[in-house]
Amino acid sequence: MPSPIGHALGAVAVVWAVDLVERRPSSDRLIIACALLATTPDLDLLWPGSHRAATHSVTAVLLVMMIAAAVTGQVSRWRTTLRCGAAYASHLLLDWLGADSFPPRGIQLLWPFSGAWYISDWDLFRQTARQHFLTPAIIRQNVLAVCQELAILVPILVVIWLVRVKALTGLSTELSRGDHAAQ
Ligand SMILES: [Zn+2]
């Protein structure tokens, strides 16, 4: 399962991708909030025996979207709701793609409707350890895992960022042309 760093970067990539599809940039505050939000499913580690169950399900994604819709303003409601849902769902995707050495392996995607555990077995991201952080073996394991996450996610982020900058610059040019034409 990826580290919080991997999950935060994954969320930024997803939010930037949604910006591209919607052709509307998110604010820096919203991007940071989404990055933090994508790390929250693993707070279930605080409750032993419940890891990767309820908080790693589509039910949790829907709940996050409902809460986001309830706490945001009318105008930005859908934009913020969509990005929060996508950022949270990116955590589920990265966990599904990652290695998991602790049975039951994977995530309970359809909780509470199904108790099945889902995992891709592609082991794209290494297993990270969230306990005994300061022992040399765990430090090495986590550093290697984060390096692999950066090697995969940073190039994806750079590509999406470049495309996003180009697309949004083109959009603002189009808008200013439209303003001039209207005057
Ligand atoms: Zn997780």
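I took buried to mean under 20% relative accessible area, exposed over 50%, and partly exposed in between, with a 1.4 Å probe on protein chains only. My notes concern a predicted model, where local features need pLDDT of at least 70, side-chain atom pairs count only at pLDDT 80 or more, and totals for chains, interfaces and linings use all residues. Residues are numbered from 1 along each chain as its sequence is written, and side-chain values use heavy atoms, with hydrogens and water left out.

**Zinc site**

I looked up the donors, meaning N, O and S atoms within 2.8 Å of the metal (3.2 Å for Na, K and Ca); water is not among the atoms, so sites may look incomplete. I found D42 (OD), H56 (NE2), H91 (NE2) and D95 (OD) coordinating the zinc ion at 2.0 to 2.2 Å. Along the chain, I read their spacing as D-x13-H-x34-H-x3-D. I then checked burial: H56 is buried at 0% relative accessibility, and D42 is buried too, with a relative accessible area of 9%.

**Salt bridges**

My criterion was a side-chain nitrogen of Lys or Arg within 4 Å of a carboxyl oxygen of Asp or Glu. I got five salt bridges in the structure. One of them joins D19 and R83, with the closest N and O atoms 2.9 Å apart. I also noted R164 with D19, at 3.0 Å from N to O. Both R164 and D19 are buried, and R83 is buried as well, at 0% relative accessibility. I see D19, E22, R83 and R164 linked in a network of salt bridges. Elsewhere I logged R52 with D100, at 2.9 Å from N to O, and this pair is buried on both sides.
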